Amino acid sequence: MSEWLNQAITQAQGVSDWLSPKRDLALSALADIRWPTRKTEAWKYTSLRPVEKFSKEAPAAFTSTSTLTQIQGFECLDLVFENGQFVTDLAALTLPEGLSIQLASQADASKQAEVLAKFSSIKPERHVFGLLNDALVQDVLVIEVADNVSVAPAIRLTSILGLAAQAHTRVLVVLGEHAKLTVSEHYQGNEESLNTGFVEYEIGADARLEHYRFALQTGKAVSLGGSHFQLAERADLNSTLVGFGSDLSRVDVDMVHAGENAFAKMNAFYLLDGKELFDLHATVEHAVPHGTTEENIRIIAADQAKAVFNGRIHIHRDAQKTLAELNNRNLLMSNKAEINTKPELEIYADDVRCAHGATVAEIDKKALYYMQSRGISRAKAQVMLNFGFINELIDQMPNQELAEWLRPQMREKFSQMEVK
Amino acid sequence: MSNTNTKDTSSLLTIKDLHASVEEKNILKGLNLEVKPGEVHAIMGPNGAGKSTMGYVLSGREGYSVEQGSAVLDGVDILDLEAEERARAGLFLAFQYPVEIPGVSNLEFLKASVDAQREARGEEAVSSADFLKLAKAACKQVNLPLAFLKRGVNEGFSGGEKKRNEIMQMLLLQPKVCILDETDSGLDIDALQVVAEGVNSQRSNDRSFVVVTHYQRLLDYIKPDFVHVLADGKIVKSGDASLALELEAQGYAWLQPSDEEGQNA
């Protein structure tokens, strides 16, 4: 058991407020949980030493070298957490009609009851850090879009952590029927810190959510959050997850098809160098018939970096006519880099179409020859093709401004990676 | 044709007794071809004669081995060079099946190609802004929407768009010798005209074309100086443009007797 965990539990035990029912549940679950080790399947490749070593002294004030990112042309409403504290002045925001944003602590009792009912309901099986977030979270930021409302500006959630900070943030996003929204989650900072940032999304019938999670914490920043989605009938989710590695970065994505004929697409790519680690656990629950899921995961790992991908698609007995595809392609740029990938299909329905594949990508020889036949050197062509491997998913990002912002950063990081 | 080139009456491309195989199967069996500056040569012939192989062997595709013979481009024996070095020496192959490269934008690909060739010639790289202007002009010349510069190389392009993209590359790279490998296949008449106009705009006294085609139709638009019939790995007949019309009328049946024995009736 981690000393840090004990300390965190003790800290949470003294608190009593509207969140107490959920906190108490989490605390009692934590009391029974075994601290994951390398023998725990879900953490087999991901060492928790950076958490165990995490210093417990909280910082006096927020300081960080990271600041809110300027993204040219990206029209958004900014909601910012610094060291886990929500610092945006909501009263100063002008919100489009049909969009509401509030802290649950300041809402009325009926809203709080509603938030409690939804709390961790998409992903009831909590792993240790999910439980920790449940226990340590101080408030829930609630974003709601009314039925039939398309919100034009995107919502950008930024979480910045400074040295020695801990952040346990929680956001609930609810899209009404036929609503449309874009949410972009940004996790930043490279200083020794620890965060569990979870966002839960309830996507109503016929609603559409365009989602991004930029897990760009690097260095000593420990990041252990997740994005959970529940899709009602004919809901449409288009999610892009981008990961840089750090000493320990793990993201849990859960997508639950709760209504029929929903469509979920997730593109995820990570680019790892040095001794960075990035671990994505993506779980899709097809609980009802006629759902569609498409997942594309691409990983480039250089030097001694370590990537973990676990993609589970669970098709329940009643989920007939499910279409599910999981495609994972990986590129190792050094023989000391490591990519651990495990696609898992669990199918209990008999009339479904599912495909999954995980490959270590090889350079496309025809493309290489084509480029050489135009005078491009073999080495340069290889670099272009390797970056193209990731860039292909950047090209698929529905938001052009975000794509144009991300591409040069990825290119920059990629150009520093060496083939060994 | 008179050649008043400073390098004696040198040809731009001289292929001598070229034998080449792929997967141990002999395809080219003594190909000879001499192309002088400014000339357009058409290579026609039945399927399987080795027309595409000629382009692949000359451009340096992996898996094609040269058993004997030589190919000299503007004084440089290219058969020992890497594919990129052959391109830098001035060879351009317009592919029959251009390759799709998702994730690499057409513009980036074009600029990398031009940069590499300029660098090899000791010239300075073109600035991104200037290159964009050149690329846009080339794009317009082949009637492709400018958005095609941003898309992945050939990604999702129709057959005709891919061929026009090949011609756009040729316009930007300004090669000495262009081999067009069945560039007309799969083109409607409008696309064919665009391709032919692109080629004709590049005809000059110091650039030559080898036009590989199955049909005479393309040669109505790109007038060849010479027409050759390639059959079973070598040139079996040469003539002027009228030969193409003859072939169109007669087909290649007259070649049958010269086919390898055992290939049979």
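Which residue of strand 12 of chain B does B:Val229 stand opposite? In this predicted model, the residue facing B:Val229 is B:Lys237 of strand 12 of chain B. The legends below start with chain B as a whole, return to that pair, and then move on to chain A.

**View 1. Chain B as a whole, with its eight helices and 12 strands.** Let's begin with the overall picture. The C-alpha trace of chain B spans about 60 × 40 × 40 Å along its principal axes. A compact globule of 265 residues would have a radius of gyration near 18 Å, and chain B agrees because its own value is 18 Å. Of these 265 residues, 48% count as buried. Among the contacts in chain B with a separation of 6 or more, 71% are between residues 24 or more positions apart.

**View 2. The open sheet of chain B, six strands in the order 6-9-10-3-11-12.** You will find mixed pairing as you follow this sheet across, and the twist averages 20° from one strand to the next. Which strands stand at the edges? They are strand 6 (91-94) and strand 12 of chain B; each has a single partner strand, so one side of each is left without a neighbour in the sheet. For strand 6 of chain B, pairing with strand 9 (residues 177-181) of chain B is parallel and takes in four bridges. To locate that pairing, look for B:Leu91, whose bridge partner in strand 9 of chain B is B:Val177.

**View 3. Strand 11 of chain B, covered on both faces.** Six of the six residues of strand 11 (residues 226-231) of chain B are buried, so the strand is largely enclosed by the rest of the structure. In a regular strand the side chains alternate between the two faces of the sheet. On one side of strand 11 of chain B sit B:Phe226, B:His228 and B:Leu230, and on the other B:Val227, B:Val229 and B:Ala231, all of them buried.

**View 4. The strands that pair with strand 11 of chain B: parallel strand 3 and antiparallel strand 12.** Strand 3 (residues 40-44) of chain B is joined to strand 11 of chain B by four bridges, and B:Ile43 has B:His228 as its bridge partner there. Strand 12 (residues 234-239) of chain B pairs with strand 11 of chain B over five bridges. This is where B:Val229 stands opposite B:Lys237, the pair from the opening question. Two residues lie between the strands of this hairpin, in which B:Asp232 takes a positive phi near 50°.

**View 5. Where chain A meets chain B, with 21 residues of chain A in contact with 23 residues of chain B.** On the side of chain A that touches chain B, helix 6 (365-372) and helix 7 (378-395) of chain A each supply at least two residues. Which helix of chain A gives the most to that side? Helix 7 of chain A does, with nine residues. By type, the residues of chain A on this side divide into eight nonpolar, six polar and seven charged.

**View 6. The largest nonpolar core, a set of 197 residues.** A:Ile203, A:Leu231 and A:Ala307 touch the most other members of this core. Helix 7 of chain A contributes its largest share, eight residues. For a closer look at A:Ala307, leave aside its neighbours within four places in sequence: its contacts are then A:Tyr270, A:Leu272, A:Phe278, A:Ile299, A:Ala301, A:Ile339 and A:Asn340.

Methods: Residues are numbered from 1 along each chain as its sequence is written. Chains are lettered from A and ligands numbered from 1 in the order in which they are written. This is a predicted model: local features need pLDDT of at least 70, side-chain atom pairs count only at pLDDT 80 or more; totals for chains, interfaces and linings use all residues. The radius of gyration is taken over C-alpha atoms; the globule rule is 2.2 Å times the number of residues to the power 0.38. A residue is buried if 20 or more other C-beta atoms lie within 10 Å of its own, exposed if 12 or fewer, and partly exposed in between; C-beta atoms are placed from the backbone. Two residues are in contact if their C-beta atoms, placed from the backbone, lie within 7 Å. Two strands pair if DSSP finds at least two bridges between them. Ala, Val, Leu, Ile, Met, Phe, Trp, Tyr, Cys and Pro count as nonpolar, Asp, Glu, Lys and Arg as charged, and the others, Gly among them, as polar. Axes are lines fitted to C-alpha atoms, for helices over the stretch in contact, and angles run from 0 to 180 degrees between N-to-C directions. A nonpolar core is a set of buried Ala, Val, Leu, Ile, Met, Phe, Trp, Tyr and Cys residues joined through C-beta atoms within 7 Å.
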